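I set out to record what I looked up in this structure, entry by entry. The notes begin with a turn, go on to the strands beside it and end with a surface patch.

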Amino acid sequence: MKKSLFLYLFIIAVLMNIFTYKYFTSKENSEQKSTPATSENLSITSKALSDSIVNLSDKLYDANTFSLENNDRAQNYLYESNKINDVSAFAEKVKQALLSYNDRPEGNKYTDQAKMGEQKFIINKVKLLNHRWIIANYSNGALWGEVLLKYFVEENGSISFEIMNSYLYPAALN
């Protein structure tokens, strides 16, 4: 009786080992088929990523073509006229000078729009195109527009602005 019990236990242990071996080998084969990590696939993925990085870099360069930070001629003009030493600090100074007009109760006068109702027009975004021009967008919460400005750095370091052109987009029809 004891011998037959050991025989049955031995047979059960062998069967369990066989089924476990089969289960793990089939699982490993299915994982290899679903995610093949070959050097060819890795090179294709890295090539696609590098291509997308180059593409995004090109788009960023194109978008920043008209900016003071990328305009060497405008920077040279400002350096030679002793108006700036640091382009980014100068650009921030000009932006803050323009945005300071947003605090007025009638709104920013450089939007070229009068206050309509309760909401005043304020400038939201500013981009310095070169040593002389700024483009900005403005809104009063319901209407949006864009303005092209000239700016001048005075001898005392103050900054003055002049409206070249402004456009207010028509209200959306519902």
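**Notebook: hairpins and a patch**

The model is a predicted one.

I then looked up how the two strands are joined. Nine bridges link β3 to β4, which covers residues 159–168, and the two run antiparallel. Opposite V147 I found S166 of β4.

I turned next to the other neighbour of β3. Strand β2, residues 133–139, runs antiparallel to β3 and is joined to it by seven bridges. V147 of β3 is the bridge partner of A136. β2 and β3 also form a hairpin, with four residues between them. Here the turn contains G141, whose phi is positive, at about 100°.

I then asked which residues of β3 lie on its covered face and which on its uncovered one. In this strand, residues 144–153, the covered face consists of G145, V147, L149, Y151 and V153. The uncovered face holds W144, E146, L148, K150 and F152.

My last entry concerns the surface. I found a nonpolar patch there, formed by L7, F10, I11, V14, L15, I18 and F19. Together these residues have about 680 Å² of accessible area. I located I18 in helix α1, residues 2–34.

Methods. Residues numbered from 1 in each chain as written. Predicted model: local features only at pLDDT ≥ 70, side-chain atom pairs only at ≥ 80, totals over all residues. Heavy atoms only, no water. Buried < 20%, exposed > 50% of the residue type's maximum accessible area, 1.4 Å probe, protein only. Pairing = 2+ DSSP bridges. Patch = residues over 30% accessible without salt bridge, like charges linked within 9 Å, V, L, I, M, F, W, Y side chains within 5 Å. Areas by Shrake-Rupley, 256 points an atom, 1.4 Å probe, with all protein chains shown as cover. Salt bridge = Lys/Arg side-chain N within 4 Å of Asp/Glu carboxyl O.
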